[in-house]
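Hi,

Here is the structure I promised to pass on. Please open it first, then read my notes below.

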Amino acid sequence: MSKIPIMLKSSGTWDNYGIFRDFEVDAIVVDDNASYGILSSTIAEQLSIDTSDKIIEIKYIVNENCPPMEIRNDMGVRVYMETKKENKNLGSYPLCISVRDFNMELAINNESTSAGSSGSLNLLEFPSSPAIEEYQSEIITESTQTYIEEGQVYQDKQTVAAAMKNYSVMHKFQFRVKRSSHRSYWLICVAESCKWHFKATSINDSAMFKIRSFSRQHTCCLMDETFIQRKRTAAVLGSMVVPKYCDPKTVYTPKDIQTDMLSEHGLNLSYMQAWRAKEKALQFLRGNPCDSYNKLPKYFYILEKNYPCSVVKLKKAADDCFLYAFVALCTSINGWQHCRPVVVVDGTFLKSAYMGIMLTASTMDAAGTIFPLAYAVVDSENDASWKWFFEQFKEAYGERPSMCVVSDRHESILKATSVVYPGMAHYSCMWHIWTNIRSKFKKGHLQLHELYFATARSYTLDEFNERMLKIEEVDLRVKSYLYDIGYHRWSRVHATVNRTFTMTSNIAESLNAVTKDARELPIFDIFEYMRTLLERWTKEKLSKAKGTFTYLGHKYNKELEDNSTLSQKLRVRASTDHIHTVLDGVKRYIVCLENKKCSCGQFQLDELPCAHALAALRHRNETYENYCSPYYTRKSLLLTYEMPVNPLPDEGKWDVPQHILDEVVKPPAGDKRQPGRPHKE
């Protein structure tokens, strides 16, 4: 009697050509005169197969031209052993092991028996379908499951594995994986003599896993230093804190992780362990920043499909590296027609792995709030990127009469608008000019500050010239600097196009503040964050508009109420049907209601009745509705947000053509952000 070494191939599948694929390898040694029972039990013990509810199928391949032979009895084992004796190498004639559920086999036999004899059916009461019994348990989808027991069903193997990692951390012990495949997951304690074990297998070869056996009692000493000082990997801890980072605005620092882990699980982490756990959690949640670029083609395809008439553009370099991306949704394009044609543009730095700049364009709606028009991600604020941005913007929004741009006077913006929109007025943000004055001339005292802003907001030339003389008295250099910029770029009264209340780029700065937390996200998540922001704002502002019962939007209605209060103290003398003289103490103002003008300048520049105009209207017993800009009305506000931003389906349900999926977008070729925690300020 001699010993025969036999290689085992398990956990694989047979294909249509009789080839066993995707298997795991193990080995046994048996006597050459072993019976079928001894061979089966040896295989079951080595592969940890529970023969009480499993049936083992043993096959081997003699040669390529012969289908696999199955060993079913002692004679089959004898034939195999005689064949194996000719070549006792471990790798020759390996046994291919397949496992079937015992209940499934009985159900099949029961079904075939009932076809021939109805009496047999009454004796064997088995479920008609074993799959139904398996699905009766609730399917667990969260890896943060706190209680684990036999019979639980998990959506996949990954969820089971993550749940057990969390379980080991909470109970302060270590395990090791004894067997892991696409069909089984078997864990044992790291202590050799400990009886703790966990076993889960797939349900009828599906993705779902069911816990078959779980002995939760340890027979080893858990108070040993080895277990107390268990290594808490960043991946395990990261998976436990993932829900904390779903909202980019949530502030959950490594210090918070330290505090929570100590109070909830008794784990004393160092700061760096907590920081690495946070990085892992963000990676689990958002994926690799490099892969995010490759998701843009299918994302933009879905945007165009779900939002027809949107303008969505992606530009790549010759080597398929990302260059620019632009999005203007159809809802914004539709609402733009009901807003004053004043566009505020700005750029802000991104803090993701590959950095870059996010460019935005926005305007003000009839309530005086931010209405985003377009957003883009580019490499930097340069001539080429701004020119490309305005080209896409023009394709989406075209050109309207009296259209103008307000910005922070970036040179590339000035050049781009002059090329793409020749002849269009370009204005500067008052605050940006004031910042330059303070840094250039070291002048920031209150008197000069008040004089400058009062001068910029002047409604008449007389007011402007009077205030400029006072600025000249304070510092002649400031007056020269403002003159060199050009009065028409920052002064309301010198503007060639009426930009009414939009004297600064504050709405762009406010939009940057809203997206501050999203700037650390990968590029795919940045674009989706902006879309969901528009979705939420559109719904909220439409609800407010429907709840508005004044003729004008909130901001302009308040302005009108303030003017109405001032008008109560004024005296009116009619000259003609449309021309009135309004007396404010010793001052005299001429109001022409037909032309919607007042000598104070406010009526025509704000396109809203000033106090003098309201006094004249009250004298005529006439309402103000016909003398307000239509861009300030509740009707315009409702039309601006009449087209909703509908939600996108889950990414797993996107129907994208193959040629879109095959498109490659590599990360930008520039330098990546240095590793480590990015500076917040």
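One definition to start: a residue is buried under 20% relative accessible area, exposed over 50%, and partly exposed in between, using a 1.4 Å probe and protein chains only. The model is a predicted one: local features need pLDDT of at least 70, side-chain atom pairs count only at pLDDT 80 or more, and totals for chains, interfaces and linings use all residues. Residues are numbered from 1 along each chain as its sequence is written, and side-chain values use heavy atoms, with hydrogens and water left out.

Salt bridges

A salt bridge here is a side-chain nitrogen of Lys or Arg within 4 Å of a carboxyl oxygen of Asp or Glu. The whole structure has 25 of them. Helices (H or I, at least four residues) and strands (E, at least two) are DSSP runs, numbered from the N terminus.

Start with Asp-31 and Lys-3. Their closest N and O atoms are 2.6 Å apart. Asp-31 sits in strand β4 (residues 24-31) and Lys-3 in strand β1 (residues 3-10), so the bridge links distant parts of the chain, 28 residues apart. Asp-31 is partly exposed at 22%. Lys-3 is exposed at 54%.

Next, find Lys-313 and Glu-395. This salt bridge has its closest N and O atoms 2.7 Å apart. Lys-313 belongs to strand β14 (residues 311-316) and Glu-395 to helix α14 (residues 383-397), so the pair ties together parts 82 residues apart in sequence. Lys-313 is partly exposed, at 26% relative accessibility. Glu-395 is partly exposed too, at 49%.

Asp-475 and Arg-477 also form a salt bridge, 3.0 Å from N to O. Asp-475 is buried at 7%, whereas Arg-477 is partly exposed at 44%.

Salt bridges link Asp-32, Arg-78, Glu-82 and Lys-85.

A sheet and its helix

Two strands pair if DSSP finds at least two bridges between them. Strands β10 and β11 (residues 184-189) run antiparallel, joined by five bridges. Look for Arg-179, which stands opposite Trp-186 in β11.

Best wishes
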